[in-house]
Amino acid sequence: MLILLAFIIVFHITSAALLFISTIDNAWWVGDDFSTDVWSMCDTNTSTCMAITDQFTEYQSIQAVQATMILSTLFCCVSFLVFILQLFRLKQGERFVLTSVIQLLSCLCVMIAASIYTDRHEELHKSNEYRIQVSKGRYGYSFVLAWIAFAFTLISGVMYLVLRKRK
């Protein structure tokens with residue numbers, strides 16, 4: 001039982017780490033001489049970064065991605081704290097439903113963020129406000145990590161729903 005508990009905790013911490021990395025790191029859309037994320041665009045040749053502001057077309061879409069990724073990360077951290085609290089407060093045989101609901105909300109938020117970015121990436125990168133041509137790029141590892149975090153949070157959310165407290 002202790003091994004299962006350790007696995008669940010490590011799995012949850014891994015999910016949170018993936019969410020933090022994909023939210024913060026500058027690699028949602030990359031090219032040979034640039035990298036962009038939901039916060040800024042960096043030119044790797046000159047080592048300069050430019051914040052994405054409301055001057056950009058499709059800024060509302062970027063704000064939606066920013067907000068849902070932040071919410072996802074927060075929900076994941078809160079669900080971990082709730083899990084730890086429920087671990088000591090639940091009676092034997094009860095399920096971790098509250099932890100599961102919060103983790104599934106995290107899953108929903110990261111899915112929404114990645115889906116919006118997937119749908120709107122062409123319009124996002126055709127903006128004239130970029131100093132260099134960013135439309136000829138590809139998805140970066142932060143974008144991939146966001147989708148992996150979706151799978152991890154979904155699995156852990158379902159795992160918490162099925163899990164019962166034992167002695």
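Mentor: Two ground rules. This is a predicted model, so local features need pLDDT of at least 70 and side-chain atom pairs count only at pLDDT 80 or more, while totals for chains, interfaces and linings use all residues. Residues are numbered from 1 along each chain as its sequence is written, and side-chain values use heavy atoms, with hydrogens and water left out.

Trainee: What makes up the secondary structure of the chain?

Mentor: Four helices and five strands. Helices (H or I, at least four residues) and strands (E, at least two) are DSSP runs, numbered from the N terminus. Along the sequence the pattern reads α-β-β-β-β-α-α-β-α. The C-alpha atoms fill a box of roughly 60 × 25 × 20 Å, taken along the principal axes.

Trainee: Why is Thr153 called buried?

Mentor: Buried means under 20% relative accessible area, exposed means over 50%, and partly exposed lies in between (1.4 Å probe, protein chains only). Thr153 has 0%, so it is buried. Thr153 is found in helix H4. Other buried residues of H4 include Phe143, Leu145, Phe150 and Tyr160.

Trainee: What covers the buried residues of H4?

Mentor: The cover includes helix H1 (2-24), helix H2 (59-89), helix H3 (97-124) and strand E5 (138-139). Take Thr153 again. Leaving aside neighbours within four places in sequence, Thr153 is in contact (heavy atoms within 4.5 Å) with Ser15, Leu19, Gln103, Ser106, Cys107 and Val110.

Trainee: Why does Val134 count as buried?

Mentor: Val134 has 1% relative accessibility, so Val134 counts as buried. Its place is in the loop between H3 and E5. Val134 touches Trp29, Phe34, Thr36, Met41 and His125, not counting residues up to four places away in sequence. Over the chain, buried residues make up 45% of the 167 residues.

Trainee: What makes Cys42 and Cys49 a disulfide?

Mentor: The rule asks for a pair of cysteine sulfur atoms within 2.5 Å. For Cys42 and Cys49, S to S is 1.9 Å. The pair passes. A search of the whole structure finds one disulfide.

Trainee: Why is the disulfide of Cys42 and Cys49 called right-handed?

Mentor: The torsion about the S-S bond is about 105 degrees, so the disulfide is right-handed. Cys42 itself counts as buried, at 11% relative accessibility.

Trainee: Why is Cys77 called partly exposed?

Mentor: The relative accessible area of Cys77 is 28%, so Cys77 is partly exposed.

Trainee: What makes Glu58 and Arg120 a salt bridge?

Mentor: A salt bridge needs a side-chain nitrogen of Lys or Arg within 4 Å of a carboxyl oxygen of Asp or Glu. For Glu58 and Arg120, the closest N and O atoms are 2.7 Å apart. The structure holds one salt bridge.

Trainee: Why does Glu58 count as partly exposed?

Mentor: Glu58 is at 23% relative accessibility, so Glu58 counts as partly exposed. Arg120 gets that label too, at 24%.

Trainee: What makes the nonpolar surface patch?

Mentor: Patches take residues with over 30% relative accessible area and no salt bridge; like charges are joined within 9 Å, nonpolar side chains (Val, Leu, Ile, Met, Phe, Trp, Tyr) within 5 Å. The patch here is about 680 Å², and Val97, Leu105, Ile112 and Leu161 are among its residues. Areas come from the Shrake-Rupley method with a 1.4 Å probe; for residues, only the protein chains shown count as cover. H3 gives the most to the patch, with five residues.

Trainee: Why is Val97 called partly exposed?

Mentor: Val97 has a relative accessible area of 41%, so Val97 is partly exposed. Val97 lies in helix H3.
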